[in-house]
Amino acid sequence: MPMMKAAILRGLRDIVCDEVPMPGPDDQKALVRMHMASICGTDLHYVYHGWPRNRYPMEPGEPGHEGVGTIVDPGATGLREGALVLTVPNIWEARNFAEYQAVSPHFIIELPEGRPLAELMMAQQLGTVIFASRKLPEMTGRTAVVIGQGSAGLFHAFYLRRLGAARIITIEPNDDRRAAGVALGADDALDVTGDAAVDAVLQLTDGQGAEVVVDAVGGHETLDQAVRMAKAEGHVHVFGLPTGFDPVPFDLGTYFLKRLDVRTIFGAQDEPGLVSFRHALRLIAEGEIDMSPYVTHTLPLERVGDAFELAHEPSGGALKVSLTM
């Protein structure tokens, strides 16, 4: 039986590389030889919090969903053998942390030429931000706050500017990530968190708060801060994931009195035609955003545990950590 290397999530904080059987034939899926896969905040939630699923061991390659590879067997999918592709499976089919994976054709986009694979791979994260932006109100002339400057928060800063935001305030204690947000267009970059961040945003906005607040971190602390930072009749954009299954304390009184809109984001991979990911690829291919500064650390699949530790506790300028196969 042909074998391959794959990441195996055996339990909380326990992810290793092991030899496993390759996926078997499936005419309804394409067999893709993976070249790279990047670690997303969602992956960190699986490994460190057990959310949204905590059954172990997980399937080989799970929960990777940001990757690039080559189609080696298209099966009956109609895709092209030998094509370089972006693989964006949803969380139920995500198996990118492996040398090979079988992927449904509606999670595959053929890549354009002219940019390094690592940069094109960033279209997955940027695509989720573009998808999420469709739930935002009109941004022209408005003030926005982005809590967190991981890759999702960084790309929010970039895309909010494209949507016409007049002022973008970012909140990030990590020096490297905060500087990256400024490079992408943030006007004010705050290095404080918690109550101090709320106070700083209110001070910058003359006590009014921001029309739009994006929580790109997740958890009850940042959700509560987002509600307090938002201007009356403003919009709270919940992009970050919960850190567990327990109910989250919520400042209902402030939310009610401010008459806020709160929206959550999920399902970019299931968007018909993967429109948002295709738009992200065009922006990268046409040089509208330079992704080269954000693919900072690449480790071999065999060091998947080290890669997750670095992504969870970034140091040495780490913005986006990826695995190579």
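**View 1. Asp27 sits in the loop between β2 (14-21) and β3 (30-38).** Helices (H or I, at least four residues) and strands (E, at least two) are DSSP runs, numbered from the N terminus. The model is predicted: local features need pLDDT of at least 70, side-chain atom pairs count only at pLDDT 80 or more, and totals for chains, interfaces and linings use all residues. Residues are numbered from 1 along each chain as its sequence is written, and side-chain values use heavy atoms, with hydrogens and water left out. Asp27 counts as exposed, at 52% relative accessibility. Here exposed means over 50% relative accessible area, buried under 20%, and partly exposed in between (1.4 Å probe, protein chains only).

**View 2. Asp26, Asp27, Asp73 and Glu81 form a surface patch of negative charge.** Patches take residues with over 30% relative accessible area and no salt bridge; like charges are joined within 9 Å, and nonpolar side chains (Val, Leu, Ile, Met, Phe, Trp, Tyr) within 5 Å. Asp and Glu count as negative, Lys and Arg as positive; His and the chain ends are not counted. The place of a charge is taken as NZ of Lys, CZ of Arg, CG of Asp or CD of Glu. Accessible areas come from the Shrake-Rupley method with a 1.4 Å probe; for residues, only the protein chains shown count as cover.

**View 3. Glu93 and Lys29 meet in a salt bridge, 3.9 Å from N to O.** The pair links distant parts of the chain, 64 residues apart. Glu93 belongs to the loop between β5 (84-87) and β6 (100-103), Lys29 to the loop between β2 and β3. A salt bridge is a side-chain nitrogen of Lys or Arg within 4 Å of a carboxyl oxygen of Asp or Glu. Glu93 is buried at 14% relative accessibility. Lys29 is partly exposed at 25%. The whole structure holds 15 salt bridges.

**View 4. Arg167 and Asp188 pair in a salt bridge, 2.8 Å from N to O.** Arg167 lies in strand β9 (residues 167-171) and Asp188 in strand β10 (residues 188-190), so the contact ties together parts 21 residues apart in sequence. Arg167 is partly exposed, with 27% relative accessibility. Asp188 is buried, at 18%.

**View 5. Arg303 forms a salt bridge with Asp306.** Their closest N and O atoms are 3.1 Å apart. Both ends are partly exposed: Arg303 at 42% relative accessibility, Asp306 at 37%.

**View 6. Phe250, Leu252, Phe256 and Leu257 make a nonpolar surface patch of about 470 Å².** One of these residues, Leu252, is found in helix α8 (residues 252-258).

**View 7. Leu163 lies in the loop between α4 (151-162) and β9.** Its relative accessible area is 28%, so Leu163 is partly exposed. Val146 is 17 residues from Leu163 in sequence; in space, the two are 14 Å apart, C-alpha to C-alpha.
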